[in-house]
Amino acid sequence: MAEIRTEEMLMNVGPQHPSTHGVLRLVVKLDGETIVDVDPVVGYLHRGTEKLAEDLQYTQIIPYTDRMDYLAAMLNNYALVHAVEEAMELQIPERAEYLRVIVMELNRIASHLLFIGAYLLDLGAMSPFLYVFQDRERILQLFNEICGARITYNYMRIGGVKWDAPPGWIEKVQQFVPHMRESIKMLHDLITGNEIFLNRVKGIGAYDAETAIAYSLSGINLRCTGYKWDLRRNRPYSIYDRFDFEIPVGKNGDCFDRYILHLEEMEQSLRIVEQACGQIPEGPVMGKVPKILRPPAGEYYSGIEGARGELGVYFVSDGKDKPYRLKFRRPSFVNLQLLPSLLKGQNMANLIAILGAVDIVLGEVDC
Amino acid sequence: MPFFQWVNDALTWGTLFRMLLGGIIVLLFLLGVVAYMLYFERKIIGWMQLRIGPNRVGPLGLFQSIADVLKLLAKEDIVPAQADRPLFLIAPIIAFVPSFVVIAAIPWTASHPFTADISVALLYYLALSSITILGIMLGGWASNNKYSLLGGMRSAAQMISYEIPLGMSLLGVILMAGSLNIVDIVEAQRRFMWFIIPQFLGFCVFIVAATAELNRTPFDLPEAESELVAGYHTEYSGFRFAFYMLAEYLYVFAISCLGAALFFGGWSGPLLPGWLWFAIKVSAFIFFFFWLRATMPRIRVDQLMTFSWKVLLPLALVNIVLTSVIKYWVNAG
Amino acid sequence: MSEDQKETLPPSSGDGGRSGRDAASSEAVAEGVDAKRTASPSAGGEPGTKPQEAAPKREPAAKREAPPKKDAPPKEPDPREAPARALLEEVVAEVKTVFPDAVEGAELQKFRPVLLIRREYWRDVLHLLKTGERLRFRYLECMAGVDYPQGGYIEVVALLTRMPEATMIEAKTRTPRDAAELPSAVPVFPGANWEEREIFDLLGVHFEGHPDLRRIMMPDDWRGHPLRKDYSPFE
């Protein structure tokens with residue numbers, strides 16, 4: 001019998017594709033449904049934030065950070081103001097630090113919620129997506145009350161935060177915490193035990209800690225391998241050393257671990273929010289800062305634990321009020337590098353499962 | 001209703017007219033059924049997902065589906081430049097026609113005015129429903145789109161694999177009733193009991209295989225929108241797309257009818273009229289499919305095949321053997 | 001626009017180049033302080049730094065052209081300084097035992113040891129920093145490129161972390177602007193792949209031995225490298 005001639009097929013997944021979470025394009029070389037090679041193409045959302053920042057004063061850059069990881073803009077805000085504050089050794093009022101921690105952790109929960117919804121949507125389950133939006137909506141309402149925005153907050157300032165919490169806001173957050181715990185339990189009931197879901201994510205896209213470190217992965221993508229690395233603990237910043245919380249880690253480094261870690265981290269974030277709401281003092285929310293911010297000449301780097309991994313800000317100051325060079329270390333961008341090697345030999349269905357679990361935000365990848 | 005009982009009449013112009021009239025009435029009725037199935041699917045899933053569902057067009061959104069159908073019919077009929085034109089045009093029709101034709105074998109009531117009382121009804125159903133696969137495959141191929149091609153191939157593989165356990169699961173029922181005629185099967189259940197009880201294993205296989213055969217969640221791989229955009233009908237729009245949708249929902253209806261007739265005693269039931277009983281049972285089936293869709297994630301393509309061949313097929317075979325052995329005993333004893 | 005931004009004064013001109021790179025002290029901050037902030041509660045001097053003479057604070061911006069006076073009283077060394085310096089010396093010594101002439105300079109930047117590596121040794125030193133018995137900086141946290149047109153070079157910076165302890169050092173190297181070329185770090189740190197592509201794309205540094213050096217952010221047919229200081233989008 002004559003041998004059947006087969007051909008590899010080149011397929012463009014994206015940039016307009018329902019499940020690439022934005023405008024990621026994957027040039028996939030397929031043999032049947034088996035992936036031979038993947039080339040991620042990014043940059044469709046490149047806005048040149050780093051270039052723009054060179055012509056902006058430090059405070060003016062803050063709104064630009066909102067647009068990077070638009071699912072966790074509070075954390076982006078913080079990454080920038082924290083880097084400048086460290087460079088200038090500014091004192092932040094206690095109340096501002098607490099407010100920052102509360103909104104950051106709430107934002108982390110909101111971001112993780114959306115991950116779970118979108119991931120399950122990728123895997124074909126529609127309902128969780130709509131359930132998580134209910135809870136996320138409550139968080140966004142809280143943000144709306146504190147800073148007047150739902151997505152792009154522009155809430156933090158170098159030296160503090162822009163607005164104090166309105167009366168009753170802290171109580172609302174405190175009421176939200178037990179509600180959110182119930183929701184997490186519901187999500188566990190709905191998803192974690194589902195046999196079809198487990199079959200799709202267990203053992204898929206697994207890698208070990210050595211690979212993760214070699215590829216500079218951070219956040220859940222690193223912790224899912226069992227390596228305990230969380231900047232909130234390993235290099236404490238802000239007031240995280242005052243709170244009692246754990247760093248959940250995975251075991252196998254597969255998609256299931258990444259999924260379950262998102263749920264577990266939400267619980268830990270709730271613990272932090274709860275403690276912060278109990279401890280928050282009265283006082284000013286804006287420290288005493290110079291009108292024109294001129295970090296002394298030099299190079300600075302500071303990283304925080306963003307929702308997707310280490311969110312770092314490296315900037316070079318020449319003593320002026322604008323950064324000479326500003327570089328964001330975006331976790332999504334770095335985490336995405338591992339994708340091609342994870343996808344080789346998988347099929348199209350796993351592509352979605354693996355890509356979804358990396359948890360990227362294209363605004364951040366392209367910056 | 002003797003006016004519509006043409007089955008045993010000689011073929012004259014009058015009979016032909018009555019046949020055509022009956023067919024048109026059934027077609028319109030089915031269009032209504034599909035329109036309101038869509039409406040209820042969106043409403044029910046909306047409620048399950050804490051949403052409202054359609055509520056704009058007409059009272060309670062009741063005319064939403066009709067508006068959707070009208071929109072689809074009014075749309076431009078786009079044929080991609082690189083597509084295989086004749087195949088592209090004919091594929092939706094190939095997919096749609098069998099879905100309508102299989103309804104002919106389903107008895108809706110005891111007097112079943114429009115139903116062809118065929119002695120090989122089940123065979124007829126299985127044979128015709130597999131023609132739809134051709135339409136889907138051709139549509140995927142002719143679109144000249146890689147997503148469509150993958151979707152078409154996937155659905156061909158899936159529907160062929162699941163057709164076998166589906167047919168096998170029906171064999172148990174056929175053995176018990178001793179007939180391929182659905183009317184006879186319903187009658188046999190009236191005398192004995194609903195076949196869901198003796199044929200529970202068969203029913204399980206049937207419902208899983210039916211879901212897969214319908215390409216519905218969790219087996220909706222051919223149209224897995226997160227992977228393949230829209231699968232085989234990615235390139236279709238307007239009324240050709242409507243044909244595919246119509247075919248899909250008609251099959252949901254047909255399979256629900258089949259399930260109700262084979263396992264739940266069809267139109268039989270106390271107090272209420274037969275057609276109402278049948279409608280209730282069919283609705284319950286349809287609701288079950290919607291419910292699944294709101295609950296389940298999608299199964300993976302390789303697991304799907306393994307599941308069919310390694311789990312469903314052996315189970316169906318076991319069911320056949322058990323049924324035959326028991327039937328032999330009962331008859332002998 | 002926020003209130004802060006409206007209040008800020010126009011940027012001072014002059015002060016070209018990078019004056020003084022010893023950033024360990026931050027006395028230069030207070031010069032921008034204006035005590036008369038109106039609405040915002042953040043008025044007055046800033047407590048983290050030493051409040052200096054109050055007089056020049058009320059000067060209009062035009063008069064503040066000169067760089068800040070460097071006559072701050074010598075303050076007691078920060079407790080973070082000593083261990084950082086020890087680490088710096090240790091790392092430099094380690095590198096020098098293997099590559100005696102690889103280290104061009106060493107300093108502390110905000111309590112972070114910074115090594116300036118000769119570019120021929122860039123990859124080798126990174127490899128050493130990663131695998132050296134007493135070094136083990138195996139996590140590449142960040143890579144960035146900075147353009148210095150005055151100096152005529154582009155600096156590429158790699159921030160490396162020792163994993164469980166989270167101590168960080170910075171290795172950097174310089175390459176001339178007009179023929180920017182460096183050995184790629186990808187064979188040592190696979191995670192440097194996209195970072196280097198980004199530096200190549202935006203700053204035009206060619207990384208020799210990079211497996212896949214293409215533009216990553218800009219379109220493939222883009223001309224120029226946007227993050228260079230003399231870049232202009234217009235022809």
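## A tour of three chains

Start by selecting Ile326(B), which sits in helix 12 (residues 301–332) of chain B; helices (H or I, at least four residues) and strands (E, at least two) are DSSP runs, numbered from the N terminus. Before you go on, note that this is a predicted model, where local features need pLDDT of at least 70, side-chain atom pairs count only at pLDDT 80 or more, and totals for chains, interfaces and linings use all residues. Residues are numbered from 1 along each chain as its sequence is written, chains are lettered from A and ligands numbered from 1 in the order in which they are written, and side-chain values use heavy atoms, leaving out hydrogens and water.

Ile326(B) counts as partly exposed because its relative accessibility is 46% (buried means under 20% relative accessible area, exposed over 50%, partly exposed in between, with a 1.4 Å probe and protein chains only).

Next, stay in chain B and pick Leu60(B), in the loop between helix 1 (13–48) and helix 2 (64–74). Its phi is near 60°, a positive value in a residue other than glycine, and at 62% relative accessibility Leu60(B) counts as exposed.

Still in chain A, select Asp359(A), in the loop between helix 14 (348–358) and helix 15 (362–366). With 7% relative accessibility, Asp359(A) counts as buried. Show the neighbours: leaving out residues up to four places away in sequence, Asp359(A) touches Phe115(A), His262(A), Arg308(A) and Ser332(A) (contact means heavy atoms within 4.5 Å). The side chains of Asp359(A) and Arg308(A) are joined by a polar contact of 3.4 Å; such a contact is a pair of N or O atoms within 3.5 Å, and within protein one must be able to donate a hydrogen and the other to accept it, with residues adjacent in sequence counting only if both atoms are side-chain atoms.

Finish in chain C with strand 3 (residues 139–148), which is largely enclosed by the rest of the structure, since ten of its ten residues are buried. Strand 3 pairs with strand 4 (residues 153–162) of chain C in the antiparallel sense over nine bridges (two strands pair if DSSP finds at least two bridges between them). Leu140(C) has Leu160(C) in strand 4 as its bridge partner. The two strands form a hairpin with four residues between them, and Gly152(C) in the turn has a positive phi of about 75°.
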